[in-house]
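Open the model in your viewer and keep the selection panel at hand. The tour goes from one selection to the next.

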Amino acid sequence: MKGLLPVYCRPLGYVVIALALFLPFLMAMMGKVTDMNLLFYKECSKLLMMLGAVMILFALTKNETKETEQIRNKATRNAIFLTVLFIFGGMLYRVGKGDLLSVDSSSFLIFLILNVLCLEFGIKKSAVDRLFKNNRR
């Protein structure tokens, strides 16, 4: 999977995620969040987090190589696996608890966040591997 967005979208994606995390708390402290609009703010926050994660995933990296594309593909594969495990675990928990009313509605957001974590780990691991390969010569 090739990067589609410019390099500056990676840090911008992290800014958007941070904004989505802290903005609801700031709005609540200012008294803007009520029982009537809580769901609206919750869904907007989740949407902003999804947007930030997609920006991070599709942004080019500095010195983009074929290896980076392979890391993106592996990160997506690993994120799919981890997301299925997470959702399955949640399903087992709800079945064991006998909870008929609650439903997991954040599975795509969970997938995106796990994908970003796998991507960042893969990129850092690749950089460390290259560093050690250069030092051995």
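Within what distance do the axes of helix α1 and helix α2 come, and at roughly what angle do they cross? Before selecting anything, note that this is a predicted model, in which local features need pLDDT of at least 70, side-chain atom pairs count only at pLDDT 80 or more, and totals for chains, interfaces and linings use all residues. Residues are numbered from 1 along each chain as its sequence is written, and side-chain values use heavy atoms, with hydrogens and water left out.

**Stop 1: α1 and α2**

Select residues 9–29 for α1 and residues 38–58 for α2; their axes come within 7 Å and cross at roughly 165°. That makes α1 roughly antiparallel to α2 (angles over 145 degrees count as roughly antiparallel). Axes here are lines fitted to C-alpha atoms, for helices over the stretch in contact, and angles run from 0 to 180 degrees between N-to-C directions. Helices are DSSP runs (H or I, at least four residues), numbered from the N terminus.

The crossing of α1 past α2 is left-handed, meaning that the near helix is turned anticlockwise from the far one by less than a right angle. On the α1 side, show Cys9, Arg10, Leu12, Gly13, Tyr14, Val16, Ile17, Ala20, Leu21, Pro24 and Met27; on the α2 side, show Tyr41, Ser45, Leu48, Met49, Gly52, Ala53, Met55 and Ile56. These residues make the contact (heavy atoms within 4.5 Å). By class, the contact has 15 nonpolar residues, three polar and one charged. Ala, Val, Leu, Ile, Met, Phe, Trp, Tyr, Cys and Pro count as nonpolar, Asp, Glu, Lys and Arg as charged, and the others, Gly among them, as polar.

**Stop 2: inside α2**

Keep α2 and colour its buried residues: Ser45, Lys46, Met49, Met50, Gly52, Ala53, Met55, Ile56 and Leu57. Buried means under 20% relative accessible area, with a 1.4 Å probe and protein chains only.

Which residues does Ala53 contact, leaving aside its neighbours within four places in sequence? They are Ile17, Leu112, Ile113 and Val116. Ala53 counts as buried because its relative accessible area is 0%. From Ala53 to Ile17 is 36 residues in sequence and 7.3 Å in space, C-alpha to C-alpha.

Now pick Lys46, also found in α2. Its relative accessibility is 8%, so Lys46 counts as buried. Leaving aside neighbours within four places in sequence, Lys46 is in contact with Ser105, Ser106 and Leu109.

**Stop 3: α3**

Select residues 66–97, which form helix α3. Its 32 residues reach 47 Å from first C-alpha to last, close to the 46 Å expected at 1.5 Å a residue (1.5 Å times one less than the number of residues). Buried here are Thr68, Glu69, Ile71, Arg72, Ala75, Thr76, Ala79 and Thr83.

Just after α3, Gly98 takes a positive phi of about 80°.

**Stop 4: Phe111 in α4**

Finish with Phe111, in helix α4, residues 107–136. Phe111 is buried, with a relative accessible area of 18%. Not counting residues up to four places away in sequence, Phe111 touches Thr76, Ala79, Ile80 and Thr83. Draw a C-alpha to C-alpha distance from Phe111 to Leu85: these two are 26 residues apart in sequence and 11 Å apart in space.

Definitions and conventions. Helices (H or I, at least four residues) and strands (E, at least two) are DSSP runs, numbered from the N terminus. Angles under 35 degrees count as roughly parallel, over 145 as roughly antiparallel, 65 to 115 as roughly perpendicular and the rest as oblique. Buried means under 20% relative accessible area, exposed over 50%, partly exposed in between (1.4 Å probe, protein chains only).
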